[in-house]
Amino acid sequence: MLNGPRNDVPTLINMTENNPSKNLWALSSLASTIGAGDFAVEDHDSFRRQEFVFAALNLLLIGALFALQAISRFVRGRPSESVIIVLTAGFVIQAAYFIWVRARNAEISEGTRRFLTYWSLGFNSILALVLTTLTLRGDTAYYALMLLPILEASFRLGLGVTIGVIVLADFICFVGAYGLKFGEYIEAGAMTVIYSVMGVLVWLLVNNLRTREARFAHNLEELERTRQQLLSEEKLAAIGRLSRAIAHEIRNPVAMISSSLATATRPGQDESEREEMFSIAAKEAQRLERLTTDFLVYARPRPVQVALVNVADTLNYVATVARAHAANEGVAIDVAVDSNLEGEFDANQMHQALLNLVLNAIDACHRGDQVKLDAHTNGNGSIRIDVVDPAGPIPPEIVPNIFEPLFTTKQGGSGLGLSIARNIARAHGSDIVLRINEPRRVCFSIEIPKHATNQSDG
């Protein structure tokens, strides 16, 4: 993200695109922002990476100039001691700064970033000016030290400051050509053109990238706001659907209770008919109580109490609880699990989730079918529990709605069993999925964390 005045760029772009009557004002504001010498660096990590690269390149450049000065002694004689001293001091200072930047891990404030940027510009500029002055009337390449200040100003500063650094670099070029032949002035002029083109071009490219980044950030913010609005509308729609379903589910038993009681209290009813009406009212009251209890469990799930649990004990317990209902339906239950397999989950809540899956599977089966409970480890270190029945497939048009609250195709069902099971799975950081849905095979799967000591099992 951009800091300081550049934060106005996306706003100006948006106003320019959407309100043509304010184009002139927007462009003038943008121009004033660009020319104000604004300081644009990214976050701490981005600045640290940039500064590390600039410091490394500057250290290499000073080292190369020092090496060229040492080599030149074999061609032109012993170099000036003052030049050697300045180069050595510059190399030592830059090396210390490079080590400091590399070792710095603490957050660097914006004020410190600004100071370090201007310090780098000033250090190279002074070093280049001093070395160029010490080598007057001789061939010099120390104006090359201004390459990095121009690049750094183009990366981080406004156009005005960048032009100022370019002018300083041009001045040092002509200082180096002072008192020499006309051809040296031509060479200095060529370097000023190169510096000017390089600095302005880099600034334009970087500024264009930052403008695009600001525009993308603005678009992402708009997309996020739109997404939040859609989510809010979807939540409201879901609440509406849930409210209608609750009203529908409650209305039926209430109507039955009301009509049964009215019939039972009607004059002239014999005792057997009255008892039958009271029995119907009691059954509907029980169904209404079960519905409201299930809904409260769905709407207000209990906190998860995770502990190390034997998975085989959990599956065998669920199978034992469900066997009475399975026997009434003529359905068998088979459990396949390693007796030593352990996982970390809330045993009571997992009992409820698995029992809901198993009871649904039993109700879907025909007499003589078998429901299978299977658990095994996955390669990712989790345990997958499968509840498999041969009553498939579930119709494709129903599949998208099977986890929706109060959606049911089962006579007398509340439509909350799968929803409650899914809430429990998600509370454990997992989910329930319809993994297989094909003829004679339907499989619901849930993954739970596995204890760390058993990572190698399976």
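Q: How many residues does helix H11 have, and how far does H11 reach from its first C-alpha to its last?
A: Helices (H or I, at least four residues) are DSSP runs numbered from the N terminus, and the expected span is 1.5 Å times one less than the number of residues. Helix H11 (residues 347-364) has 18 residues and reaches 26 Å, close to the 26 Å expected at 1.5 Å a residue. Bear in mind that this is a predicted model, where local features need pLDDT of at least 70 and side-chain atom pairs count only at pLDDT 80 or more. Residues are numbered from 1 along each chain, and side-chain values use heavy atoms, with hydrogens and water left out.

Q: Which residues of H11 are buried?
A: Buried means under 20% relative accessible area, exposed over 50%, and partly exposed in between (1.4 Å probe, protein chains only). In H11 the buried residues include Met350, His351, Leu354 and Ile362.

Q: How many aromatic pairs does the structure hold?
A: A pair of aromatic rings is described by the distance of the centres and the angle of the planes. Rings of Phe, Tyr and Trp (its six-membered ring) pair if their centres lie within 6.5 Å; planes under 30 degrees apart are stacked, over 60 edge-to-face, the rest tilted. This structure holds four such pairs. In one of them, Tyr97 and Trp119 have ring centres 5.0 Å apart and planes at 40°, so the pair is tilted. Tyr97 lies in helix H4 and Trp119 in helix H5, 22 residues apart. Tyr97 is buried at 9%, while Trp119 is partly exposed at 28%.

Technical notes. Helix = DSSP H or I, 4+ residues; strand = E, 2+ residues; numbered from the N terminus.
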